Amino acid sequence: MVTIVGVRFKKAGKIYYFSPGDLKVAAGDGCIVETARGVEFGEIVIEPRDVPETEVVQPLKQVLRSANEEDYARLETNKVRAQEAFQIAVEKVAEHKLPMRLLEAEYTLDDSKLIFSFTAEGRVDFRDLVKDLAAVFRTRIELRQVGVRDEAKIIGGLGSCGRGLCCATFLGEFEPVSIKMAKEQNLSLNPAKISGVCGRLMCCLKYESQVYEDNKQAFGKCCKGAPVIIDEFYDEVEEEDDYYDDLLREDSIQEVDYQMMVETAEIEKNIKEEPKKPQRRTSRPKKKRKPKATGEKPAAKEQEQAPVKQAGENTPKKRRRPRRRKGKPKTENKGEKPCYTSVLPR
């Protein structure tokens with residue numbers, strides 16, 4: 001058994017084991033240790049404890065001393081200087097036109113080294129850049145290229161869950177994540193849903209993976225009579241050998257991501273669109289017929305010529321029915337007999 005303490009140099013950084021020696025330290029205390037990069041300031045996150053020798057990487061270095069007020073003041077000063085050095089380095093990168101992106105700058109506690117972290121798609125020849133930076137800062141310069149996951153860890157951000165990124169808040173080391181974990185948890189294999197900010201598979205797929213594996217071993221894959229959920233994305237292609245390998249590539253993730261976004265947008269658009277109701281035709285006012293070219297006066301002129309009603313003549317007058325004309329009585333010749341004529345054929 002070996003007595004160790006756990007020291008962390010950055011927030012959510014990796015924990016390294018050191019020997020406390022005769023020092024009395026506790027979790028949360030600052031300490032000064034010597035690393036491969038030089039003398040650095042660290043924070044104790046694991047109090048002294050005994051662990052098996054197999055868990056310790058030999059040789060185990062010892063904590064130099066506990067941090068004092070001067071060390072804390074120097075640490076804050078180095079942070080301000082590192083920000084100024086970062087701005088100067090960005091300008092130098094633009095002058096040399098190098099395809100790289102600087103992420104952060106960091107001084108060691110004893111000012112023996114200035115470390116720059118950057119990302120790039122491939123290898124970059126930065127020898128001229130190092131010479132210019134060394135001439136400006138008069139110290140040893142180290143340029144360290146990191147991957148996309150380390151980039152997300154340094155910059156930080158929000159995940160799809162709405163909380164801070166796990167790697168930037170509490171996750172010390174990156175654990176391997178595979179597409180098989182998402183499949184066992186009955187998650188959609190759409191890269192847009194299972195990929196993080198960095199473009200790789202989300203680290204949280206690892207959290208519950210072991211629980212699902214244990215449940216499947218204990219209860220089987222599916223109970224009888226229970227509905228089986230079939231994922232439309234891998235139902236027909238899950239037997240292909242190279243299907244999962246293509247999903248893990250960064251370029252293919254971007255292409256599939258864009259294609260899936262377009263298809264999803266079209267589906268949502270079709271669902272939201274409701275059938276339009278036929279619009280009722282509004283009855284248009286009938287156009288007045290133009291008066292004929294005869295001598296009849298148009299109705300508008302007749303209205304103008306109509307006599308204006310007086311104030312007391314509001315009630316319409318009753319129309320009188322026309323009297324029926326009596327037919328003239330036939331005059332009968334008294335004493336004369338009616339004459340009857342008969343038409344005989346000739």
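Predicted model: local features only at pLDDT ≥ 70, side-chain atom pairs only at ≥ 80, totals over all residues.
With a relative accessible area of 6%, asparagine 78 is buried, and, when residues up to four places away in sequence are not counted, asparagine 78 touches Tyr107, Thr108, Leu109 and Asp111. One of these contacts, Asp111, also takes part in a salt bridge with arginine 74, in which the closest N and O atoms are 3.7 Å apart. This pair links distant parts of the chain, since arginine 74 belongs to helix H1 whereas aspartate 111 lies in the loop between strand S6 (101-107) and strand S7 (113-119), 37 residues apart. Both partners are partly exposed, arginine 74 having a relative accessible area of 38% and aspartate 111 one of 24%.

Helix H1 also meets helix H2 (residues 127-137), and the axes of the two helices come within 10 Å and cross at roughly 145°. The crossing in which H1 passes H2 is right-handed. On the side of H1, the residues in contact are Ala85, Ile88, Ala89, Lys92, Val93 and His96, and these meet Asp128, Leu129, Asp132, Leu133, Val136 and Phe137 in H2. Sorted by class, the residues of this contact comprise eight nonpolar, one polar and three charged.

Side chains of opposite charge can pair when their charged atoms come close. The structure holds 10 salt bridges, among them one between lysine 113 and glutamate 142, whose closest N and O atoms are 3.2 Å apart. Lysine 113 counts as buried, because its relative accessibility of 7% falls under the 20% limit, whereas glutamate 142, at 26% relative accessibility, counts as partly exposed.

A further salt bridge joins arginine 127 to aspartate 125, with the closest N and O atoms 2.9 Å apart. Arginine 127 is exposed, with a relative accessible area of 60%, while aspartate 125 is partly exposed, with a relative accessible area of 48%.

Terms used. Residues numbered from 1 in each chain as written. Heavy atoms only, no water. Buried < 20%, exposed > 50% of the residue type's maximum accessible area, 1.4 Å probe, protein only. Contact = heavy atoms within 4.5 Å. Axes fitted to C-alpha atoms, helices over the stretch in contact; angles between N-to-C directions. Helix = DSSP H or I, 4+ residues; strand = E, 2+ residues; numbered from the N terminus. Left-handed = near helix turned anticlockwise from the far one by under 90°. Nonpolar A, V, L, I, M, F, W, Y, C, P; charged D, E, K, R; others polar. Salt bridge = Lys/Arg side-chain N within 4 Å of Asp/Glu carboxyl O.
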